[in-house]
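Subject: Structure handover

Hello,

Here is the structure you are taking over. Please open it alongside this message; my notes follow below.

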Amino acid sequence: MTTKTGTARRDNAADTGSLLGIPVSEAAALPAAQVLNGLGSTPGGLDADEAGRRLGLVGPNAVRTHHAQPLRILVRQLRSPVLILLAVTAVISFFLGQRTDTVVIGVILLASVGLGFVNEYRAERATDALHSQVTHRAVALRGGAPVEVDVTALVPGDVVRLVLGEVVPADLRLLTTTGLECDESVLTGESLPAEKAVPPVASGSALGDLICCAFMGTVVRAGAGTGVVVATGARAEFGRIALGLGERQPETDFQAGLRHFSVLLLQVAVALTSLILVANLVLHRPLIQSLLFSLAIAVGITPQLLPAVVSTSLATGSRRLAKLKVLVKRLVCVEDLGDMDVLVTDKTGTLTEGRITFTAALDPDGADSEQALRLGLLATEADPAGGAVGAVGAVGAVGGNPLDAALWAAPAAAAHPVAGYVRVGLLPFDHDRRMTSTVVRTPDGDQQLVVKGAPESVLARCTTIPPGAEATLAAQFAAGSRVVAVARRAAPELTVPTPTDENDLTLVGFLIFLDRPKDAAATSLQRLAALGITVKVCTGDNPLVAQKVCADLGLVSGGTLTGAEITGMDDAALTAAAQTTTIFARVSPEQKARLITLLRRRGRAVGFLGDGVNDALALHTADVGISVDTATDVAKDAADVVLLEKDLGVLADGVTEGRRIFANTIKYVLMGTSSNFGNMFSAAAASAVLSFLPMLPGQILLNNLLYDASQLAIPTDRVDPEQLQAPSHWDIAFIRRFMVFFGPISSLFDFLTFALMLGAFHAGAALFQAGWFVESLATQTLVIFAIRTRRSPFLRSRPSRPLLLAAFATVTVGVVLPLSPLSGILGFAHLPLGFFLALAGMVIAYLVLIELAKRLFFAEPEGRLPHLRRRGHRHRIHRRAARFSVGARLLQ
């Protein structure tokens, strides 16, 4: 119900112009009550109607848009150096009066840009549809009641709850804090968490000193709190930074490889063009004809439809992954996924079912203990007053501990064993202490400090350890159970506990939980091993539990390291140990990130699969960050790939698809550069000795257009199993070596064709050009069947039907053109029958020689130098900004 007070509040907000919010620096200098009043809000937040009205006026709390933007996609297509070269050639041809050449180049441009645009636009539409399925929620007070809302629906005046692991959804003026600490490194670069408090700060304080505010995009590292939204979207501090960077994402390894390859092609094209132009001018050929011929050679050596082939491959892969419910945030991440050769994963929900169940509460000797259960229920972040089950349900909705949720869901908790107990104070869980502490008052009026957490952390703070405790722990760990220790001490004067109060404890007992190994995990691990991926388990759990789960799933362990052992190792020692170690247990977030950094220094492409707040640093550090839809907000934000189902089998499908795409892209690159290089080298040599051009500029461009069109079917091609067993990487040196090795073989048969046309057929210019046109098109098109595989073509490796049909259709068109009515327009003469008989023999001989050369070339093992991959601050901001995204245009 809307009250007069509520109406007056809204009117006041409108009158003061505060609907757009208050700059966080100004809000920090004001008392919390004054900020609430200025925003027309209360500690109970806004009502739903008022929040909706403000959302319509202020706009969504977003800094990114994930809807497909056609103009931006089109601009990306036009950035290719290959297409720029084509465009320059078309313009020069037009002004020099070579209309046929201009038309041919224009068709090539339209085909490349059009196909790339259509496929990338379709892929982005599919990706956007999946992106919309991944929601980011925050808990806001609407009309005094906590409700979940999408982060993009928050408006100034909303009161928001913060809990461990959440990304702060907007700039907030804090109203309450309980041990609240935030990681503000995304804004300030400071690695240590910032402690938060409620009192205002001095006016004009620096951003890092605004301790009474929590900033959009930062992460809650400890504690809890509430705050009122003072700025959203682009008006927040993080929003200004994110918008200042623009929406262009940092370059991935795959994109860098494409860029380096394009640079290589341009270098070769410039060198060859310059050489041919100089040679023709020395031979006193007409300047315009020499210039056009040189430019045609430059265009001919470049695979013009490479952007279209890449976009088609990525789009096809994206659609296949969409059917598997794998969200790839950017198309190029598909190939980065295939690049992975080490997977570091957590245990819970990946190797196990992720459904944690409470099984028993035991005393130190292993007997059932109702007291351990009662104190365990009290030491949660839910308030037990008035019946805890409902309270825990509310906490669970905003990121509560799954162990606590399992404890409250147990039948023993339904009897309300905490009735009559009152919680006085709370110190929430954090990943450094690994404990939660509460001060409770018993029905008898006594006051106790109850501490619950990791057994080693709790036992280290107990005055004595009962004799049977170690044996009880060992038995539970050996059974694969997760164990939480509970301890207590008298605390008559204590209200709000601090870490220094967690000492002189008496062990009460243990809470036992079970998370069973996932049935399908063993098969998934075998699939990953077959793909050449080394799996390492990085968990905060006990090492014995992790070892038991791995053994049950058949994952052979190369050893175990604990966080304590890692702390004592320098980088060199840890790098050596990490190569063989399989299990890393009781590790901190910083240790996970350090481990991944050291693995990457050895040239390994490392993927990390995690879903908790303590996984965010590792996700940012990995080459491919992988999370799941049920993960904490900070984990999803840090990931490149989000699995809508947490299943290693789905991940294996993604890796396979990434490698298939890369393999087919490389087929086009290798074939195009080698055959094109040979043909253009032949043209350069022939132009130096013939009295006429070996092929007219328009004929060269038409030859390449037909050839490239046939290769658009490559993304549909089959990939040999051995090409999927290990990741492939861009290797420009290998591509250059392949081009130089196979190119001259193509030139050899070109020279045989020259000899045949001049010696046997006494060809003039038109007949010579027609003969070489057909021979070069036939050889460079059909050679795909040899180069596409290291196996024997057709016998042990069959091409896809579309590729087969496209190749033979192209050769047919090439043969027919000189015999058709278009031959005169194109500058061709009719070829005699004897030429086609000779052509068949040369094509067979060429393919046989290529097959022999292929065996020789690949007999030498490939080497690849490791390289250090780096991800900087821009990368983190772009990932975090993806959280504040809407599927519509932003008007900011």
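Two strands are taken to pair if DSSP finds at least two bridges between them. With that in hand, Leu141 stands opposite Val159 in β4. Please keep in mind that the model is predicted.

On one pairing, β2 is joined to strand β3 (residues 145-150) by 6 bridges, and the two run antiparallel. Within that pairing, Val139 has Glu148 of β3 opposite it. The hairpin of β2 and β3 has 2 residues between the strands, and Gly143 there takes a positive phi near 65°. Strand β2 also pairs with strand β4 (residues 159-162), again in the antiparallel sense, over 3 bridges.

**The sheet of 8 strands**

What is the strand order in the open sheet of 8 strands? It reads β9-β22-β21-β20-β10-β17-β19-β18, and the pairing is mixed. Strands β9 (326-328) and β18 (560-562) are at the edges with a single partner strand each, so one side of each has no neighbour in the sheet. On average, neighbouring strands here are turned by 20° against each other, direction ignored. One of the pairings is parallel: strand β10 (residues 342-345) and strand β17 (residues 534-539) share 4 bridges. There, Val342 stands opposite Thr534 in β17.

**The sheet of 6 strands**

Another open sheet has 6 strands in the order β11-β16-β15-β14-β13-β12, and its pairing is antiparallel. Its edge strands, β11 (357-362) and β12 (422-427), each pair on one side only. Neighbouring strands of this sheet are turned by 25° against each other on average, direction ignored. Strand β15 (residues 482-490) pairs with strand β16 (residues 506-514) over 7 bridges in the antiparallel sense. In that pair, Ala487 has Leu507 of β16 as its bridge partner.

Which helices pack on this sheet? Helix α16 (residues 402-409) touches β11, β14 (447-453), β15 and β16, and its direction makes about 90° with that of β16. Helix α18 (residues 469-478) lies across β11, β15 and β16, and runs at about 10° to β16.

Leaving out residues up to four places away in sequence, Phe773 touches Met695, Gln699, Leu702, Asn703, Leu706, Gly814, Leu817 and Phe828. How do the axes of α29 (residues 765-782) and α31 (residues 801-816) cross? They come within 9 Å and cross at roughly 175°. Angles over 145 degrees count as roughly antiparallel, and α29 and α31 are therefore roughly antiparallel to each other.

**Glu237**

Glu237 is found in helix α9 (residues 237-245). Its side chain makes a polar contact of 2.4 Å with the side chain of Arg240. Apart from neighbours within four places in sequence, Glu237 is in contact with Val24, Asp171, Leu187, Leu207 and Phe215.

Regards

Conventions: Residues are numbered from 1 along each chain as its sequence is written. This is a predicted model: local features need pLDDT of at least 70, side-chain atom pairs count only at pLDDT 80 or more; totals for chains, interfaces and linings use all residues. Side-chain values use heavy atoms; hydrogens and water are left out. Contact means heavy atoms within 4.5 Å. A polar contact is a pair of N or O atoms within 3.5 Å; within protein, one must be able to donate a hydrogen and the other to accept it, and residues adjacent in sequence count only if both atoms are side-chain atoms. Axes are lines fitted to C-alpha atoms, for helices over the stretch in contact, and angles run from 0 to 180 degrees between N-to-C directions. Angles under 35 degrees count as roughly parallel, over 145 as roughly antiparallel, 65 to 115 as roughly perpendicular and the rest as oblique.
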